[in-house]
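Hi everyone, thanks for making time today. Could we have the sequence and the structure up on the screen, please?

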Amino acid sequence: MIRVSYWQFRLPLYIALAGLVVVAAAAGETGPSLAHLYDTTVGACKPADGNCRAALRLFNADDVLLRAIVQTLSLGLPAIIGMFWGAPLVARELETGTFRLAWTQSRSRLTWFAGKLAVVGLSALAVQGLLSLAFTWWWSPVGRANPTQFSPAQFGTFGVAPLGYVLFALALGIAVGTVFRRTLPAMAVTLVGFIGTRLAVIFWVRPHFAAAVRSVVSLNQSSSIGVGFSDNGQMALRFFPPDLPNAWLLSSTVTNAAGQQPAGSVLAQQCPSLIQHQAENQPFNSCVATLSKTFHDTLLYQPASRYWPFQWAELGSFAALAAVLVVFTAWRLRRQ
Amino acid sequence: MNAVLEAHGLGKRYGRRWALADCDLTIPASRVVGLVGPNGAGKSTLLQLSVGLLTPSSGEVAVLGGTPAAKLGKIGFVAQDAPVYAGMTVADHLRIAAWANDGFDLEGARARVEQLDLPARQRAGRLSGGQRAQLALTLALAKKPKFLLLDEPVASLDPLARREFLQLLMAAVVEDDISVILSSHLIADLERACDYLVVLAGSHVQVAGPIDELVATHHRLTGPRQRGGQPLPSGQELVTESHTDVQSTLVVRHDTPILDPAWTVSVVSLEDLVLAYIARDKDTRGKREAQDPPSTPSARNLKVAS
């Protein structure tokens with residue numbers, strides 16, 4: 001049945017491979033110049049000279065459109081595959097009546113399904129994998145300049161996680177198509193379901209793959225501290241947590257030993273001069289020094305070293321969801 | 001094993017409606033069976049249950065002595081409207097059918113396609129209805145089936161295509177000794193091809209048997225108007241009756257000769273025979289509804305219409 005499925009699927013597969021060649025050619029064309037730009041800006045700057053911020057700005061101002069395209073394509077490909085390969089896989093057979101031809105040949109319905117799954121599934125993995133490889137190579141200077149590998153967009157663009165997404169999107173499309181029996185509504189539901197699941201995992205599942213590391217740092221170690229107004233109009237200090245390159249900061253809370261936050265009343269008590277002379281540096285610095293004695297910053301974060309375990313956990317989660325959907329579809333097909 | 005199809009208490013329910021109910025049916029081998037009944041009688045349901053496309057809600061069906069799923073390789077099926085893959089060429093259909101079936105006669109199928117003047121490189125979606133039906137039949141025959149089931153194969157064909165299709169079918173049947181069942185809502189479509197008849201109406205089997213036997217045992221009786229239901233002699237079963245002021249016409253099934261001189265006995269055509277059984281089904285349902293007042297609007301409409 002592999003041959004049957006391949007023969008029926010070869011046109012969409014060739015279209016996808018042709019698209020892949022175009023993308024690879026574009027990446028090969030623009031990648032070296034991006035790497036060269038990195039070497040001459042961020043790669044060449046010396047922190048001692050203080051020109052690194054400017055170099056980073058210069059580097060990040062380049063190829064903005066291409067970077068956006070890379071991320072959109074990589075994040076969007078699983079949804080496209082789920083909609084255009086997954087949703088019609090069973091739904092179109094049901095819609096056009098060809099299932100009555102397909103399921104009355106000598107092979108069982110489940111063998112037919114397994115053949116489809118093998119061909120379309122491996123094609124989807126190959127297309128997404130090759131695209132991710134090309135983009136990972138292209139993106140590496142950008143990644144070195146901006147250590148934000150855990151940001152939702154980047155985490156979902158590179159590594160092995162996209163393979164999980166594409167498997168899930170495909171299985172979702174097939175399952176929804178089998179239930180709805182119509183291609184078009186199945187495509188819409190697949191898109192919504194895929195985006196919803198991805199967001200749900202980002203917000204509620206991924207942070208809990210491993211218990212976050214808790215670390216208490218002194219206020220002096222914060223990357224910066226500022227003055228601002230809280231929601232109710234009272235003056236408040238703003239603490240920006242220390243830089244943790246490539247780590248995933250989940251929360252940063254400034255409290256004293258009693259668990260109080262430096263709210264307006266605390267500030268007024270600890271730093272009366274700050275309220276009176278808020279524009280001046282001297283009272284501000286002395287206020288921070290005073291607060292540092294009793295307040296500290298509690299950080300919850302996933303360290304950079306957990307990137308790959310998290311990538312595998314993400315792949316595993318989505319692959320497991322895909323497996324559940326495939327089993328469900330097989331069950332539905334059997335009792336159709 | 002002398003039966004190609006055996007159904008016991010077979011039924012299929014959709015929601016609260018039974019598309020097929022209490023179907024007991026045995027179809028002997030080496031017959032060309034016409035499955036006839038009005039639209040919605042359950043013909044398609046019976047055939048799809050027999051090839052495993054549907055699972056029974058009650059009872060069971062065996063084909064070639066096994067479950068439909070186990071016998072798929074020996075069953076040929078041409079579904080209603082002969083579905084094919086619109087985007088694939090005729091040659092593609094033969095190729096993938098050869099991969100999906102062991103012992104598929106690819107050479108024979110190619111020769112037949114050529115002989116039928118089906119354009120091999122044409123996308124199946126652009127074939128005419130008759131060509132599509134011929135392609136579907138070619139695919140089913142090349143499986144070298146023992147039992148061939150065709151669901152309304154000629155319903156959408158013009159008279160010429162209809163004749164060509166049935167010729168193709170009959171030639172193959174004679175050649176390979178295949179048992180065949182084909183459904184239609186018109187007996188006229190099948191009369192020439194079939195030697196066995198199953199009448200399905202109101203989701204029940206009304207009558208089944210060899211056509212020559214059915215014709216020999218059914219007659220139309222015409223005589224003076226009958227007052228009240230006079231019982232027929234034993235061995236005679238009333239199928240339908242109709243009355244004018246002075247005359248009664250009955251269609252009866254009888255095992256014994258009709259001796260009552262009051263009746264003029266005449267031959268019933270196959271078409272009239274089928275119609276008589278369909279009318280009987282409508283009648284009994286009408287009576288049932290008269291006893292139990294209809295509760296649903298659709299049932300009420302039906303009664304007003306009849």
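Let's start with a helix pair in chain B: α2(B) passes α4(B) in a right-handed crossing. Before I go on, please keep in mind that this is a predicted model. In general, two packed helices are described by the angle between their axes and the distance between the axes. Here the angle is about 20°, and the axes of α2(B) and α4(B), the latter covering residues 129-142, are 10 Å apart. Angles under 35 degrees count as roughly parallel, so α2(B) is roughly parallel to α4(B).

Which residues make this contact? On α2(B) they are Val90(B), His93(B) and Ala97(B), and on α4(B) they are Leu135(B), Leu139(B) and Ala142(B). Sorted by class, that gives five nonpolar residues and one polar, with no charged residue.

Now, α2(B) turns up again if we look across to the other chain. The contact between the chains takes 22 residues from chain B and 17 residues from chain A. On the chain B side, the elements that contribute two or more residues are β5, at 75-78, and α2, at 90-100. What gives the most to that side? That is α2(B), with six residues.

Four strands form an open sheet in the order β11-β12-β10-β13, and the pairing is antiparallel. At the edges sit β11 (236-243) and β13 (264-267) of chain B, each of which pairs on one side only. On average, neighbouring strands in this sheet are turned by 25° against each other, with direction ignored. If you zoom in on β10(B), residues 218-224, you will find four bridges joining this strand to β13(B), and the two run antiparallel. For one example to click on, Thr222(B) has Thr264(B) in β13(B) as its bridge partner.

Last stop, chain A. Its domain 1 is made of 2-208 + 306-334, while domain 2 spans 213-302. How far apart do the C-alpha centres of these two domains of chain A lie? They lie 41 Å apart. The contact between the domains takes seven residues from domain 1 of chain A and six residues from domain 2 of chain A. The domain 1 side of that contact has five nonpolar residues, one polar and one charged.

That's my tour, and I'm happy to take questions!

Note on methods:
Residues are numbered from 1 along each chain as its sequence is written. Chains are lettered from A and ligands numbered from 1 in the order in which they are written. This is a predicted model: local features need pLDDT of at least 70, side-chain atom pairs count only at pLDDT 80 or more; totals for chains, interfaces and linings use all residues. Two residues are in contact if their C-beta atoms, placed from the backbone, lie within 7 Å. Two strands pair if DSSP finds at least two bridges between them. Axes are lines fitted to C-alpha atoms, for helices over the stretch in contact, and angles run from 0 to 180 degrees between N-to-C directions. Angles under 35 degrees count as roughly parallel, over 145 as roughly antiparallel, 65 to 115 as roughly perpendicular and the rest as oblique. A crossing is left-handed if the near helix is turned anticlockwise from the far one by less than a right angle, and right-handed if clockwise. Ala, Val, Leu, Ile, Met, Phe, Trp, Tyr, Cys and Pro count as nonpolar, Asp, Glu, Lys and Arg as charged, and the others, Gly among them, as polar. Domain bounds come from an automatic or database domain assignment.
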